[in-house]
Amino acid sequence: MKEQAGMTLIEITLSIALLAIISSVVFGTNVDVFRRYTFIGEEDMLISALEKVRGYAQNNICAGATCTTGIAHGIHFESSQYSMFQGDVYNPNDSQNESVLLNPRITLSGPTDIVFSSLSGNAHTIPIGMWDIVLTDPEHGATITLNQEGRITSHR
């Protein structure tokens, strides 16, 4: 009697099913990890933008140079982006504005404008207490808190 070489149809079907199950678990996990890191990256970018604007106000930076008089700097929030600006009031037509687009999965809520005072870096648009900027996507959430002194803290 001769032994047959090869695999039976049942063995092939079971192998393919097993590979499909393993790859779906691995792929699903990788997508979740990627989305989490993308969200954390967006949060870190916003914190960096807030720190940059506050630093410009504290160091009296004006359009790439040092100003002779004090000038405030701020950040303006919209649903799909935020813009860094100089001055007490956001002007959407100012060519010095720096805009950053948000990931379309992320929503932003909180104040419309935050303005930091020249030299002190105090957030003079914040009423007594603190303001929260909330970032969310379908799976994640984070809150960035600012107080009157311009202190920026993140809560994941």
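**Figure 1. Overall make-up of the predicted chain.** Helices (H or I, at least four residues) and strands (E, at least two) are DSSP runs, numbered from the N terminus. By this assignment the protein chain has one helix and ten strands. The order of elements from the N terminus is α-β-β-β-β-β-β-β-β-β-β. The model is predicted, so local features need pLDDT of at least 70 and side-chain atom pairs count only at pLDDT 80 or more, while totals for chains, interfaces and linings use all residues. Residues are numbered from 1 along each chain as its sequence is written, and side-chain values use heavy atoms, with hydrogens and water left out. Of the 156 residues of the protein chain, 33% count as buried, where buried means under 20% relative accessible area, exposed over 50% and partly exposed in between (1.4 Å probe, protein chains only). Contact means heavy atoms within 4.5 Å. Among contacts between residues at least 6 apart in sequence, 51% join residues at least 24 apart.

**Figure 2. The open four-stranded sheet.** The strand order is β6-β8-β9-β10, and the pairing is antiparallel. Two strands pair if DSSP finds at least two bridges between them. β6 (107-109) and β10 (152-155) stand at the edges with a single partner strand each, so one side of each has no neighbour in the sheet. From one strand to the next the twist averages 20°; axes are lines fitted to C-alpha atoms, for helices over the stretch in contact, and angles run from 0 to 180 degrees between N-to-C directions. Seven bridges join β8 (residues 130-136) to β9 (residues 141-147) in the antiparallel sense. One of the bridge partners in β9 is Gly 141, which faces Thr 136 in this pairing.

**Figure 3. The largest nonpolar core.** A nonpolar core is a set of buried Ala, Val, Leu, Ile, Met, Phe, Trp, Tyr and Cys residues joined through side-chain atoms within 4.5 Å. The largest one has 24 residues, and those with the most contacts inside it are Leu 46, Leu 50, Ile 75, Phe 77, Ile 133 and Ile 144. Two or more residues each are given by α1 (9-58), β3 (73-77), β4 (81-86), β7 (113-116), β8 and β9. The largest share, seven residues, comes from α1.

**Figure 4. Surroundings of Phe 77.** Not counting residues up to four places away in sequence, Phe 77 touches Leu 46, Leu 50, Tyr 82, Leu 108, Pro 111, Thr 112, Ile 114 and Ile 133. Phe 77 and Tyr 82 are both buried. The structure holds two aromatic pairs. In the pair of Phe 77 and Tyr 82, the ring centres are 6.4 Å apart and the planes stand at 50°, so the pair is tilted. Rings of Phe, Tyr and Trp (its six-membered ring) pair if their centres lie within 6.5 Å; planes under 30 degrees apart count as stacked, over 60 as edge-to-face and the rest as tilted.

**Figure 5. Polar contacts of Thr 145.** Thr 145 lies in strand β9 and is buried, with a relative accessible area of 8%. Its side chain makes a polar contact of 2.8 Å with the side chain of Asp 132. A second polar contact, of 3.3 Å, joins the side chains of Thr 145 and His 155. A polar contact is a pair of N or O atoms within 3.5 Å; within protein, one must be able to donate a hydrogen and the other to accept it, and residues adjacent in sequence count only if both atoms are side-chain atoms. Beyond four places in sequence, Thr 145 is in contact with Met 130, Trp 131, Asp 132, Arg 151, Ile 152, Thr 153 and His 155.

**Figure 6. Ser 83 and Gln 81 in strand β4.** Ser 83 is found in β4 and counts as buried at 0% relative accessibility. The side chains of Ser 83 and Ser 99 make a polar contact of 2.8 Å. Gln 81 is also placed in β4 and is buried at 17% relative accessibility. The C-alpha atoms of Gln 81 and Ser 99 are separated by 6.7 Å, with the two residues 18 apart along the chain.

**Figure 7. Two loop residues with positive phi.** Most residues other than glycine have a negative phi. Asn 60, in the loop between α1 and β1 (61-62), has a positive phi of about 60° and is buried, with a relative accessible area of 10%. Leu 119, in the loop between β7 and β8, has a phi near 70° and is exposed, with a relative accessible area of 59%.
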